[in-house]
Amino acid sequence: MSRTTRPAVYLAALMLVGLMLGPVIYIIIGGFRTNSQITSEPAALPDPWVFGNYTDVLTGDTFWRQVGNSTFAALVTTVGVVGLGVMASYVLARYRFRGRGAMYALFAAGLMFPMTVAITPLYVLIKNLGLINTLPGVILPQIAFGLPTTIIILVPFLQAIPKEIEEAAAIDRCSRLGFFWRMVLPLSVPGLITTGILAFIASWNSYLLPLFILNDQEGFTLPLGVQAFASEYSVDTAKVLAFTSLSMIPALIFFSLFERRIVGGLTGAVKG
Amino acid sequence: MAVTEDAPVHRARLGGGVRTPPPVRPRRRGIGWAQRLEIAALSGPAILMFVGFVIFPVLMAAYYGFYRWKGFGPPTDFVGLDNYVTILKDTAFHEALWHNGQIVVLSIVLQGPIALGLALLLNHRMRGQSVIRVLIFVPYVISEVIVGTAWALMLQTNGAVNDILRTIGLGGLTEDWLANPKIAIWTLMLILTWKYVGFAVILFLAGMQNIPSELTEAAAVDGASYWQTQRRIMLPLLGPTIRIWAFLSIIGALQLFDLVYIIWGQYVASTAGTSTMATYMVTEGRNAGNYGYGNAVAVVLFVISMIIALVYQRFVLRRDTEGALTSGR
């Protein structure tokens, strides 16, 4: 925009970052303090710095098991949501058929179905399928509930692929499915990454569904683990802070690696 | 979403030279078996998953809502509309509904302008821009459980927030942020804004980058100031993005559960004045063992969301989704 960036802009940006990060830094630094330090001066720096809270968490196997569970659930959910989502979006974006509007409306209406509304019947359904206390019991509903957002984002994306490309492909005797596989998928990679990251983060952070489905500590994902840890060690605030800050690291790394692709994906393929 | 306004840009750029009308394709008239098979194969799995794990459970919720049911075995004690009558008469539900209403309005009023300002700020070319962009989304990326746990610790009466206020000489401002019913809802709004403003910024930024820079450059050449450009060009062109964001925000606010439940727990939320329809549902339904009643609350919550969403789509989103949601007719 403006060619010279004024100091005021930097100052505003700096304050903003401070506000956004303050609480996060509080959690991370709090993990380096002892409980008596936290009680006597809640908002001070560690004095001295203690590393015991972090090493305790990192050497126990609870944390790592939960990281494994969360990673597995998030990866499978992401692959499922993006795979099924892009196939359905392609149909909605590039085929003309009766019922297309109804199909789009069906998925769009899904935005209005919070998992909260369906959680009790979902629990019964998962129980009947014998999937209670298993990660697939969490993954399957997550894929289904992730589809509306994915489809709503991807349909305009796929519609934006110019007709000319499709016609050129048709002239070259490329079937519609071939066009999907060879042209649409590569062209929509930014959109796929955007929706994939949204699905991954949603799964990584999901709380209500695992709360109902996973009752066994062995199968806990990180959010359940954090809550269980927080109530189990409710007097040990420092350790809770250490556990909490460690559990947000994977999502943060994942996000910062792909942040460019998120904004880029929403911006569209041509400009990227 | 932001990409909706992307389409014209794409076409204008890629198809700019070739504006000849596309040749009429014979397959338009009727679709053959091969194509039907493709449609079924591509969309079938998604539809099956969606119907099985979203539509079917929601319908079951409506069914269970007519029963007094403790969650064991099939429901047998049919009570008709009794559950619904109880809900609509319960003052605790009225309060929850009122809180949801406040959260819907305040979320848009608070987060909209803030996010717009931040997106304008981050749309500047400046050093450290990409780092700042990552950092601003940090609260959005970390889970509700972590956000709730951390804020609950910081906002205790003897927590970090009050300690900082005392240290900088504003001891008079210390409050019982979580329990005082007069301010608890504002505390909640503060946390919600902190957590979700990043999402609005991400959408607005994407929308802004979709606006061809030729437009803003042309305005600059014509002598428009920075603010004039933003107001006359950016804002109007960002309209569709803002309206979609507001829609998502409204739906999210109506269904708010995690943060309230984690910070205020199941009992305190109603006395602190932060209970929502969803926390009411879990507290009165699952936690009280009244699964039938909980499902009836779910249905009420759904109907309210649905009505608001339809009204919003009818009157606000109509222009943006024309040809998307309505093309079936």
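Why is helix H13 (residues 277-284) of chain B largely enclosed by the rest of the structure? Eight of its eight residues are buried, so the helix is largely enclosed; a buried residue has 20 or more other C-beta atoms within 10 Å of its own, an exposed one 12 or fewer, and a partly exposed one falls in between, with C-beta atoms placed from the backbone. The buried residues of H13(B) include B:Tyr280, B:Val282 and B:Glu284.

## Basis and confidence

This is a predicted model, in which local features need pLDDT of at least 70 and side-chain atom pairs count only at pLDDT 80 or more, while totals for chains, interfaces and linings use all residues. Residues are numbered from 1 along each chain as its sequence is written, and chains are lettered from A and ligands numbered from 1 in the order in which they are written.

For chain A, the mean pLDDT (the predictor's confidence in each residue, from 0 to 100) is 81, and 93% of residues reach 70 or more. Over residues 267-272 of chain A, pLDDT stays under 50.

## Architecture of chain A

Chain A has 13 helices and zero strands, assigned as DSSP runs (H or I, at least four residues, for helices; E, at least two, for strands) numbered from the N terminus. Its C-alpha atoms fill a box of roughly 75 × 65 × 30 Å along the principal axes. Of the 272 residues in chain A, 50% are buried.

## Nonpolar core

The largest nonpolar core has 167 residues; such a core is a set of buried Ala, Val, Leu, Ile, Met, Phe, Trp, Tyr and Cys residues joined through C-beta atoms within 7 Å. A:Leu147 and B:Phe204 are among those with the most contacts inside it. Beyond four places in sequence, A:Leu147 touches residues including A:Phe107, B:Met49 and B:Phe50, a contact being C-beta atoms, placed from the backbone, within 7 Å.

How values were computed
Two residues are in contact if their C-beta atoms, placed from the backbone, lie within 7 Å.
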